[in-house]
Amino acid sequence: MELLQALLPSPNGLQLNDYEMDLEHQHLELSVMSTQTVAPCPLCGSVAHRVHSRYQRTLADLPCLHFSLSLLVLVCKFFCPNPGCRRRIFTERIPEVAAPWARKTVRQVQHLQEIGLALGGAAGSRLGKCLGYFSCGSTVLNHLERLPLPELEVPEVLGVDDFAFRKGRQYGTILVNLETHKPIALLPDRKADTLADWIREHPGVEVFSRDRSTTYKSAINKAAPEAIQVADRFHLVKNLSEVLEIALGSYRAELKAASEAQHPQPSAEPDCAETVVVIPQPTAIEAAQELTRQKHQLRVQQQREIKALREQEWPILAIAEKVGVSERTVRRYSARPDFPDLPPRRPTFGRSLLDPYKQEVVSEWNSGITNSSAMMVLLQQKGYKGSRRTLQRYMRGLRKAQGISSPSGRVAKSVPKVVDPQSPPFTPRQAAYLIVQRDENQEGEDKELLGHLVKQHPDLKTLVDLAYTFLELLRQRQADAFDSWLMEALACPINPLKKFAASLMDDYAEVKASMMMEVSNGPVEGLNNKLKMLKRQM
């Protein structure tokens with residue numbers, strides 16, 4: 001009994017009367033009573049002595065070893081001695097044991113709050129069940145809502161970013177103290193007025209770190225025009241990478257030539273008797289691709305003509321008759337941005353379902369299996385899901401490389417073996433990634449590949465040199481050279497880079513500040529990711 005008395009949440013305020021142990025359900029029940037002889041009225045504070053009645057409260061307490069524990073607490077109801085008090089009868093409070101109307105002890109609630117802060121609702125509930133706290137995820141979150149928020153201290157350096165309550169539907173704004181790397185507020189939306197109102201209510205921020213959002217820029221200009229705004233360097237590098245990818249998309253032939261210079265194919269001359277290289281065959285969709293290019297060029301021409309006539313204030317009906325399209329098309333083409341000169345390619349362009357199995361095909365071909373039906377059976381056993389026509393087209397290239405005229409032609413024993421030195425295509429995205437990488441993170445092959453790339457076209461050398469210079473300005477904090485870089489970029493012949501430089505002119509002060517200050521939005525991005533994780537856990 002002495003041990004159980006010592007385990008009570010308030011050994012001095014509670015007295016153990018009896019206990020009951022259920023071994024089958026592993027439950028321990030303690031019957032206790034309050035030792036208070038007087039109690040203050042919760043409304044007027046008058047000390048009461050007269051007992052009205054007694055009743056029993058059931059409280060869930062901390063588990064004891066592998067037993068769940070509940071307290072049957074016998075408490076008193078008192079008469080309030082103050083005749084002017086509205087409450088004539090009240091129940092005594094034991095604040096160190098449980099809150100009024102609570103079904104759990106204070107210390108169990110504190111444990112659930114700590115679990116909820118660490119894991120969230122659903123995961124906290126699962127861990128709690130293993131530890132003996134039988135509470136659902138919603139209950140854990142309800143206990144978290146009762147925790148008071150820490151006092152807000154307005155920082156001198158504030159990070160601003162948006163986050164998604166529901167991706168694509170509803171967004172909010174997270175504000176982070178960049179001095180302590182802790183979030184201080186979550187705003188219900190990402191509108192400029194909402195952020196501006198918060199800044200006015202909490203004056204004192206001297207430096208704002210943000211991405212290149214024009215919404216947040218206008219809010220800060222309205223509410224704190226004297227504050228310094230710093231454009232985040234990560235987003236600047238990301239914007240540059242996107243521009244490089246767009247610009248390099250117009251030089252796919254040069255990218256392919258650089259890749260071939262980096263990985264030269266084995267010689268396929270007739271005097272090379274040992275091996276021959278597979279001869280690529282035209283695909284069945286080349287005609288469709290040419291038709292797509294022609295249709296795209298027609299749309300580009302029509303859009304330019306429509307916009308030119310709209311500038312001359314032609315009526316929509318007259319433009320439709322002039323260009324040969326419908327009125328709806330005229331409205332749609334007028335509202336849309338300019339079409340790119342080349343049609344956009346799908347992400348899987350240039351790939352085939354046969355690519356993972358080409359080495360198998362070459363190996364079986366060199367072993368003597370030249371029949372497409374037999375080869376198809378072998379590949380399907382290994383998981384090939386493509387068509388037989390695709391396989392036959394590839395085998396036609398193997399046959400042509402060996403000088404065999406037809407499928408029925410006999411294969412001489414002296415026919416050289418076929419090799420297919422596959423190398424993944426060098427895409428604009430890969431090239432952009434290599435350019436923005438730091439030198440210490442680049443391997444020797446990457447530097448050599450970029451060296452082959454800049455030799456393919458003078459514009460590519462200009463593009464890479466300007467990108468390197470801008471990255472150096474950001475990483476070495478060389479704000480003095482930013483103006484000369486801008487002038488050089490605005491005068492270059494590469495349109496995507498010129499547009500990027502023009503956009504930097506709109507954020508001139510913020511971009512230049514990022515080259516002078518150590519402020520970064522990195523902690524904000526990290527806390528944003530943590531916020532997404534917590535949102536999913538709850």
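I began with Q430, which counts as partly exposed because its relative accessibility is 37%. The cut-offs explain the label: buried means under 20%, exposed over 50%, and partly exposed falls in between. I note that this is a predicted model.

I then placed Q430 in helix α15, residues 428–436.

I found an open sheet of five strands with mixed pairing, in the order β10-β9-β8-β11-β12. β10 (182–187) and β12 (228–231) are the edge strands; each has a single partner, so one side of each has no neighbour in the sheet. I read an average twist of 30° from one strand to the next.

β11 (residues 207–210) and β12 run parallel and are joined by four bridges. Here F208 stands opposite Q229 in β12.

I looked at which helices pack on the sheet. Helix α5 (residues 192–201) touches β8 (157–166), β9 (170–177), β10 and β11. I noted an angle of about 125° between the directions of α5 and β10. Helix α6 (residues 214–223) lies across β8, β9, β11 and β12. For α6 against β11, I noted about 170°.

Last, I went to the surface. I found a nonpolar patch made of M1, Y19, M21 and L23. Together they have about 440 Å² of accessible area.

Definitions and conventions:
Residues are numbered from 1 along each chain as its sequence is written. This is a predicted model: local features need pLDDT of at least 70, side-chain atom pairs count only at pLDDT 80 or more; totals for chains, interfaces and linings use all residues. Side-chain values use heavy atoms; hydrogens and water are left out. Helices (H or I, at least four residues) and strands (E, at least two) are DSSP runs, numbered from the N terminus. Buried means under 20% relative accessible area, exposed over 50%, partly exposed in between (1.4 Å probe, protein chains only). Patches are made of residues with over 30% relative accessible area and no salt bridge: like charges are joined within 9 Å, nonpolar side chains (Val, Leu, Ile, Met, Phe, Trp, Tyr) within 5 Å. Accessible areas come from the Shrake-Rupley method with a 1.4 Å probe; for residues, only the protein chains shown count as cover. A salt bridge is a side-chain nitrogen of Lys or Arg within 4 Å of a carboxyl oxygen of Asp or Glu. Two strands pair if DSSP finds at least two bridges between them. Axes are lines fitted to C-alpha atoms, for helices over the stretch in contact, and angles run from 0 to 180 degrees between N-to-C directions. Contact means heavy atoms within 4.5 Å.
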